[in-house]
Amino acid sequence: LPSPSGLTHESHKKDVEQVYLRCSEGSIEWMYPTGALIVNLRPNTSPASYKHLTVCIKPFKDSAGANIYLEKTGELKLLVQDGDRRPSKVYCFGYDQGGLFIEATPQQDISRKITGFQYELMNKAIASDLHTVSAPCRPCSDTEVLLAVCTSDFVIRGSIQDVTNEAEEQESIIHVGVNKLYRQKSKVFQLTGESGNWRGQIKTLLECGVKPGDGDFLFTGRMHFGEARLGCAPRFKDFQRMYKEAKDKGLNPCEIGPD
């Protein structure tokens with residue numbers, strides 16, 4: 001968690017500092033920004049794989065004091081403008097499109113400003129799955145469901161206990177009661193209370209209109225900035241049918257044991 005500070009070089013407001021980030025995900029916080037900051041993402045992977053990477057950043061809710069640009073060979077493209085208040089807005093670009101150039105904006109009192117954001121590097125195929133422009137609420141095909149079971153960060157059988165809509169962030173939070181946990185990358189779903197029930201939350205777009213309902217679903221999806229994001233979610237009985245059909249034909253991409 002790099003935390004450079006502008007107060008350490010107040011007399012050099014045109015200074016440009018460089019930060020090197022080796023991790024595939026994390027956050028950066030620039031306290032009291034002055035001058036400019038160049039963020040160099042250098043993941044511990046082969047340079048040959050860089051062209052397959054997408055970079056996503058999510059500004060902190062109270063981030064202020066600087067503009068964030070995409071920079072390549074001296075050309076700047078504005079990515080996030082200082083004061084842009086769009087909760088949960090995520091900005092993504094190809095690794096080969098350039099790096100991040102963060103320039104402080106003139107302030108009367110820099111001590112009240114902190115610029116910060118979370119970042120993630122991911123395979124372009126995963127990134128396109130997370131940010132589908134067309135039909136983000138479209139039901140998945142049988143093939144997509146079976147592939148999601150193999151590749152998702154979490155796969156669970158569960159029911160919708162409640163849905164909380166957040167109009168400001170244009171998101172819905174699905175409160176899930178877990179009946180069977182097949183896989184989870186992070187501990188989003190945990191045992192709660194004395195009853196020993198597994199529960200967790202999954203986020204999706206408000207426009208998808210998710211509502212509480214009876215019956216079990218197979219929830220799949222990916223972790224994105226520490227949150228579970230919904231992918232394919234067929235009714236469990238439909239998943240059992242498509243899984244059996246594929247298994248009978250020897251076309252299952254992976255084994256999961258759906259019972």
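A salt bridge here is a side-chain nitrogen of Lys or Arg within 4 Å of a carboxyl oxygen of Asp or Glu. The views below come from a predicted model, in which that rule gives eleven salt bridges.

**View 1. Glu-227 and Arg-229 joined by a salt bridge.** Let's start with this pair, whose side chains meet with an N to O distance of 3.8 Å. The contact counts because 3.8 Å falls within the 4 Å cut-off. Glu-227 is partly exposed, at 22% relative accessible area, whereas Arg-229 is buried, at 15%.

**View 2. Lys-203 paired with Glu-171.** In this close-up, the closest N and O atoms of the two residues are 3.4 Å apart.

**View 3. A network of salt bridges.**

**View 4. Arg-157 and Asp-216 in a salt bridge.** Here the side chains meet at 2.9 Å, N to O. Arg-157 sits in strand 10 (residues 154-166), while Asp-216 is found in the loop between strand 13 (197-205) and strand 14 (217-224), so the pair ties together parts 59 residues apart in sequence. Arg-157 counts as partly exposed, with 25% relative accessibility. Asp-216 is partly exposed too, its relative accessible area being 21%.

Terms used:
Residues are numbered from 1 along each chain as its sequence is written. This is a predicted model: local features need pLDDT of at least 70, side-chain atom pairs count only at pLDDT 80 or more; totals for chains, interfaces and linings use all residues. Side-chain values use heavy atoms; hydrogens and water are left out. Helices (H or I, at least four residues) and strands (E, at least two) are DSSP runs, numbered from the N terminus. Buried means under 20% relative accessible area, exposed over 50%, partly exposed in between (1.4 Å probe, protein chains only).
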